[in-house]
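Dear colleague,

I am handing over the structure below, and I would be glad if you could look through it alongside the notes that come after it.

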Amino acid sequence: MNGGFVLSIFILYDAGRKKWTTTGEVQDVAKKEFIEVIKTLEGQLRDNLYFRSETFGYVDLYLIPLYCWFHAYEMYAKFSVAAECPKFTVWAKRCMQKESVAKSLPDEKKNLGFVQS
């Protein structure tokens with residue numbers, strides 16, 4: 001797996017966490033960083049259904065668990081991943097249609113409740 005993807009996943013996790021644990025300028029910077037990484041990843045999708053190919057693979061497997069937290073990120077930082085990165089959102093929804101993925105990840109509303117508690 002490309003080290004750039006691993007770094008991108010770490011940056012997404014860190015920037016996402018900052019969106020609900022910080023406010024003000026730090027949160028704004030985290031939101032911008034988060035969107036930049038998503039846009040970079042979106043460019044890597046090219047015309048493929050999944051990262052690197054037409055089949056669900058390692059990069060998809062590593063990245064899709066973060067998607068169930070996006071709703072919480074959006075609520076706290078007041079932005080829309082779909083509006084900023086539509087191709088990435090289509091990829092995420094495609095992944096979530098896979099039964100194995102849908103059954104193994106927590107519901108995004110439950111994650112928002114976890115963050116709010």
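The notes below go through the charged pairs, the aromatic rings and the nonpolar core.

Please bear in mind that this is a predicted model, in which local features need pLDDT of at least 70 and side-chain atom pairs count only at pLDDT 80 or more, whereas totals for chains, interfaces and linings use all residues. Residues are numbered from 1 along each chain as its sequence is written, and side-chain values use heavy atoms, with hydrogens and water left out.

Charged side chains

Taking a salt bridge as a side-chain nitrogen of Lys or Arg within 4 Å of a carboxyl oxygen of Asp or Glu, the count comes to two. One of them joins Glu 84 to Lys 39, with an N to O distance of 3.8 Å. Because Glu 84 lies in helix 5 (residues 81-84) and Lys 39 in helix 2 (residues 24-45), this pair ties together parts that are 45 residues apart in sequence; helices here are DSSP runs of H or I with at least four residues, numbered from the N terminus. Glu 84 is partly exposed at 35% relative accessibility, and Lys 39 is likewise partly exposed at 41%, where buried means under 20% relative accessible area, exposed over 50% and partly exposed in between, with a 1.4 Å probe and protein chains only.

The other salt bridge is formed by Glu 99 and Lys 103, at 2.8 Å from N to O. Both residues belong to helix 7 (residues 99-104), where they sit four residues apart, about one turn of the helix, and both are exposed.

Lys 31, in helix 2, deserves a separate note: this residue is buried yet has no salt bridge, and the nearest side chain of opposite charge, that of Asp 28, is 4.7 Å away (Lys and Arg count as positive, Asp and Glu as negative, and His and the chain ends are not counted). With neighbours within four places in sequence left aside, Lys 31 is in contact (heavy atoms within 4.5 Å) with Lys 19, Ala 77, Lys 78 and Phe 79.

Aromatic rings

The structure holds nine aromatic pairs, a pair being two rings of Phe, Tyr or Trp (its six-membered ring) whose centres lie within 6.5 Å, with planes under 30 degrees apart counted as stacked, over 60 as edge-to-face and the rest as tilted. Among them is the tilted pair of Phe 70 and Tyr 73, 5.8 Å centre to centre with 35° between the planes. These two residues lie three apart in helix 4 (residues 70-77), about one turn of the helix; Phe 70 is buried, with a relative accessible area of 3%, and Tyr 73 is buried at 2%. Phe 88 and Trp 91 form another tilted pair, at 4.9 Å and 45°, and both are buried. They are separated by about one helical turn because they stand three residues apart in helix 6 (residues 86-96). One aromatic cluster takes in Phe 34, Phe 51, Tyr 67, Phe 70, Tyr 73, Phe 79, Phe 88 and Trp 91.

Nonpolar core

A nonpolar core is a set of buried Ala, Val, Leu, Ile, Met, Phe, Trp, Tyr and Cys residues joined through side-chain atoms within 4.5 Å. The largest has 29 residues, and those with the most contacts inside it are Phe 34, Leu 63, Phe 70, Phe 88 and Trp 91. Helix 1 (3-21), helix 2, helix 3 (58-67), helix 4 and helix 6 each supply at least two residues of this core, with helix 2 giving the most, at seven residues. Not counting residues up to four places away in sequence, Trp 91 touches Leu 45, Leu 49, Tyr 50, Phe 51, Asp 60, Leu 63 and Ile 64.

With best regards
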